Amino acid sequence: MPQAQRSSIFKMLKDQAPEDRQINIFPGPYKPDCTPYQKFDFSESTYKKCLEEQETAGVTWLKLCKVIVIGDTCVGKTCIVNRFCRRIFDANYKSTIGVDFEVERFDVLNVAYNLQIWDTAGQERFKSIAQSYYRAAHVIIVVFDLTSLQSLHHCQTWLREALTASHSMCPFIFLVGSKRDLLKKYAYRNVEINAIKVAEKLNAEYWPVSSKTGKNVNNLFYRIAALTFDNFMRNEHELRKASIEIGRNLIKFNKKSGEHRPKKCL
Ligand SMILES: Nc1nc2c(ncn2[C@@H]2O[C@H](COP(=O)(O)OP(=O)(O)OP(=O)(O)O)[C@@H](O)[C@H]2O)c(=O)[nH]1
Ligand SMILES: [Mg+2]
């Protein structure tokens with residue numbers, strides 16, 4: 001097994017996530033009016049489910065959320081992933097060939113949770129390889145370069161192709177403007193107006209980031225982790241409630257028909 005994969009699995013199995021990967025307060029969006037996800041706290045059922053898991057301390061399923069990072073070549077996708085997962089920034093461009101992935105372990109409300117982050121190649125010649133890894137993504141991050149309006153205009157096509165190739169049901173969508181450090185305040189403000197319009201059109205949450213300075217990179221991934229975790233736990237809780245209800249109805253039905261125990265198979 002390659003070294004990168006081995007260390008990823010080891011990270012998932014570790015007892016506790018590092019301090020800067022523990023989330024106990026729901027992280028907000030970049031701006032409240034730049035998101036379709038009007039969520040500012042964990043759901044009641046998520047809190048309940050987390051307490052349940054801690055009390056039973058039993059074996060639970062591995063909670064893994066698949067995140068894909070897409071966008072034009074050279075917009076800074078690899079740098080965003082490297083800044084978050086390895087805390088590094090490399091000014092020398094090396095194009096991604098096909099795809100790479102990292103796994104980041106979190107503890108959300110003291111429950112282990114993992115983001116599997118797929119960094120894909122933006123170059124046209126690698127597109128079909130990269131698309132074969134889009135399947136079942138829970139989150140799609142579309143990256144553009146804040147200094148290139150053209151890369152912003154390409155985001156809609158990237159997203160459309162990703163939605164088709166991933167076959168995902170309602171993934172969370174993020175529009176991320178990279179290289180924030182290269183723009184002065186005034187120039188940035190004009191770009192932001194356009195970016196927010198595109199984000200609205202894509203039904204995406206917008207974030208400006210800089211991998212060079214680290215601005216907003218951690219906050220973006222904390223937000224992704226919290227939103228998806230809440231979704232998973234809420235669904236788990238609802239499923240459990242539904243299966244208990246089905247069990248109760250089955251017992252009632254068996255009692256009515258005088259069959260309290262399941263019949264042995266003949
Ligand atoms: N100043 C600045 N430069 C950045 C930033 N992020 C990326 N870059 C530079 O932009 C170039 C491209 O970055 P990558 O992350 O390799 O781009 P990519 O989107 O992964 O490109 P492909 O792998 O070809 O799809 C590199 O030279 C980076 O150093 C940033 O936040 N600030
Ligand atoms: Mg890359």
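**Chat about the strands, core and ligand site**

Colleague: Which residue stands opposite Ile141 in β6?

Modeller: Phe174 in β6 stands opposite Ile141. This is a predicted model, by the way.

Colleague: How many bridges join β5 to β6, and do the strands run parallel or antiparallel?

Modeller: They run parallel, and seven bridges join them.

Colleague: And what does β5 do with β2?

Modeller: β2 and β5 pair in the parallel sense as well, over four bridges. Within that pairing, Ile68 stands opposite Ile140 in β5.

Colleague: Why is strand β5 described as largely enclosed?

Modeller: Strand β5 covers residues 139–145, and seven of the seven are buried, so the rest of the structure largely encloses it. Buried here means under 20% relative accessible area.

Colleague: Which β5 residues point which way?

Modeller: Val139, Ile141, Val143 and Asp145 point one way, while Ile140, Val142 and Phe144 point the other. Both sets are buried.

Colleague: Moving on to β4. How many of its residues are buried?

Modeller: Nine of the ten residues in β4, which spans 111–120, so to speak from end to end, are buried.

Colleague: What are the pairings of β4 with β2 and with β3?

Modeller: β2 (residues 64–70) runs parallel to β4, with six bridges. β3 (residues 99–108) runs antiparallel to β4, with ten bridges.

Colleague: What about the hairpin of β3 and β4, where is the positive phi?

Modeller: At Leu109, with a phi near 50 degrees. The hairpin has two residues between the strands.

Colleague: Now the largest nonpolar core. How many residues, and which have the most contacts inside it?

Modeller: The core has 68 residues. Those with the most contacts inside it are Leu115, Ile141, Phe174, Leu175, Tyr206 and Phe221. Helix α8 (residues 217–256) supplies the largest share of this core, eleven residues.

Colleague: What is the general background there?

Modeller: In soluble globular proteins, nonpolar side chains tend to be buried together.

Colleague: What does Leu115 touch, sequence neighbours aside?

Modeller: Leaving out neighbours within four places in sequence, Leu115 is in contact with Cys65, Val67, Glu102, Val103, Glu104, Phe106, Phe221, Ile224, Ala225 and Thr228.

Colleague: How much of ligand 1 does the protein bury?

Modeller: The protein buries 93% of the 660 Å² that ligand 1 exposes when taken alone.

Colleague: Last one, Ser168. Where is it, and is it buried or exposed?

Modeller: Ser168 is in the loop between α6 (155–166) and β6 (172–178). Its relative accessibility is 17%, so Ser168 counts as buried.

Colleague: What does Ser168 touch?

Modeller: Ala136 and Ala137, not counting residues up to four places away in sequence. A polar atom of the Ser168 side chain lies 2.6 Å from the backbone oxygen of Ala137.

Note on methods:
Residues are numbered from 1 along each chain as its sequence is written. Chains are lettered from A and ligands numbered from 1 in the order in which they are written. This is a predicted model: local features need pLDDT of at least 70, side-chain atom pairs count only at pLDDT 80 or more; totals for chains, interfaces and linings use all residues. Side-chain values use heavy atoms; hydrogens and water are left out. A nonpolar core is a set of buried Ala, Val, Leu, Ile, Met, Phe, Trp, Tyr and Cys residues joined through side-chain atoms within 4.5 Å. Buried means under 20% relative accessible area, exposed over 50%, partly exposed in between (1.4 Å probe, protein chains only). Contact means heavy atoms within 4.5 Å. Accessible areas come from the Shrake-Rupley method with a 1.4 Å probe; for residues, only the protein chains shown count as cover. A polar contact is a pair of N or O atoms within 3.5 Å; within protein, one must be able to donate a hydrogen and the other to accept it, and residues adjacent in sequence count only if both atoms are side-chain atoms. Two strands pair if DSSP finds at least two bridges between them.
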